[in-house]
Amino acid sequence: MIKANHHLDAKGLACPMPVVKTKNAIKDLEEGLVLEVQATDKGSKADLTAWASSVGHQYLGTVEEADVLYHYIRKGSNEPKVEKAFGQNISLEELESRDGLILDVREAAEYAFGHIEGAKSIPMGELESRMQELDKDEEIYVICRTGNRSDLAAQLLADNGFKNVYNVLSGMNEWNGKTTKDF
Amino acid sequence: MSEKVAIIAANGGLFDAYKVFNIATAAAASEKEVQIFFTFEGLNLIHKQGMHQLEMPAGKEHFAEGFKKANTPTIPELVEMAQELGVKFIACQMTMDVMGLTKEDFVDGIEVGGAVTFIEFAKEAAPTLTF
C-alpha cells in the first residue's frame, strides 16, 4: 500500500460527494503532504484529476484494488522557498552517466507513482531522522520534483558531514527517461 | 477563466434538482463562487416542504431504485451541503409574488431578489447554466 499522511473514506458515495469530501479533508492537511481518497465512484478518478488541477493541488495517481479506487493528492503545488541555493548542482543529463546513490526526497506517494530506477526514497520531512541510512563518503544525488526540496535536503546533508552531495536540477518534472512504479 | 458560476433553476422536478445541485456543489468545491437563481417551478427546489417530495418525470418513476442503488445524496442533503460550501441562493421575487410565497417558505439563508440582482452576478460568470 502507498503511504499517505491522511486517509479519507468516500466509499459508496456518488458524485459530487467524493470531491466535496476531498475538499473538506484537504483543508486540514499541511501544505506538501499527501491525502489518500478511497472511493468506489468510477467517475471519481476523472473528477479528482480535474479538481486537483483546477484548485491547485498535485494529483499523483490512482491505484485500483478490489473495486476500490485509491487516489493520491498532494496538497498545493508550491515548493518550499530556497533562501540560499546549495550551489553544487548537476543536470539530469549528467546524472545518467554518474555512479552513486540517487536520493529521492519527495513524499512516498510521489515516489511510488514514478521514480528513477534504483533511487532511494527518504521524504524531506524524514531525512533528519533517517540520515544514518546513508553513507557519508558515497556520492549522493538528491532529487525531488522541481529542485527546491532537494536543494534544502542537499544543504542539510552537507551540514551534517556528507561530502559528495549534489542537487539534481531541475527534478523529476523534467525527467524524460525511464521511471519505475512502486506498488 | 472566470471564478464565478451562475445557475438558473427554472424547473421543479427531482431530475432538475440533481442537475442544479450537483453542478453547484461541484463548482463550489472547486473554489468557484456560485449563485443559483430560483424562478417559477425552480422555487420547489428550496421550498421547505417541497424539496422533500420532488417528483420524477412521468413514466420515469422506476429510476427511484437506481437513485437508491447509486447511493446519491438526497436533495435536502445537497441543499445543506451547497449552503455550507457557500453557494448563494436567490429566490425570484416576482415568481414568489405570483405564487403567494414568502421568504419563510424557503430554507434559511436565501436571498430574495429580482432578475437584475442575478444578471449583475451573471455578467462576470462563465459558464451560466440553465436547468
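Across the interface of chain B and chain A, the rule finds zero salt bridges, a salt bridge being a side-chain nitrogen of Lys or Arg within 4 Å of a carboxyl oxygen of Asp or Glu. Before we go on, please note that this is a predicted model, in which local features need pLDDT of at least 70 and side-chain atom pairs count only at pLDDT 80 or more, while totals for chains, interfaces and linings use all residues. Residues are numbered from 1 along each chain as its sequence is written, chains are lettered from A and ligands numbered from 1 in the order in which they are written, and side-chain values use heavy atoms, with hydrogens and water left out.

So what does join the chains? In the interface, 14 residues of chain B are in contact with 13 residues of chain A (contact means heavy atoms within 4.5 Å). The area buried between chain B and chain A is about 1000 Å², and carbon and sulfur atoms give 65% of that area. Buried area here is the accessible area (1.4 Å probe) that two parts lose on being put together, summed over both.

Axes are lines fitted to C-alpha atoms, for helices over the stretch in contact, and angles run from 0 to 180 degrees between N-to-C directions. Helices (H or I, at least four residues) and strands (E, at least two) are DSSP runs, numbered from the N terminus. On the chain A side, A:Val19, A:Val20 and A:Lys23 meet B:Thr25, B:Ala28 and B:Ala29 of H1(B).

H1(B) also has a partner within its own chain. It packs against helix H3 (residues 75-84) of chain B at an angle of about 25°, with the axes 10 Å apart. That makes H1(B) roughly parallel to H3(B). Among the residues that meet here are B:Phe21 and B:Thr25 from H1(B), and B:Leu78 and B:Met81 from H3(B).

Finally, look at the loops. A cis peptide bond joins A:Cys15 and A:Pro16, with omega about 5°, and A:Pro16 lies in the loop between strand S1 (6-10) and H1 of chain A. In chain B, a cis peptide bond joins B:Ala126 and B:Pro127, again with omega about 5°.

Note on methods: Parallel < 35°, antiparallel > 145°, perpendicular 65-115°, else oblique.
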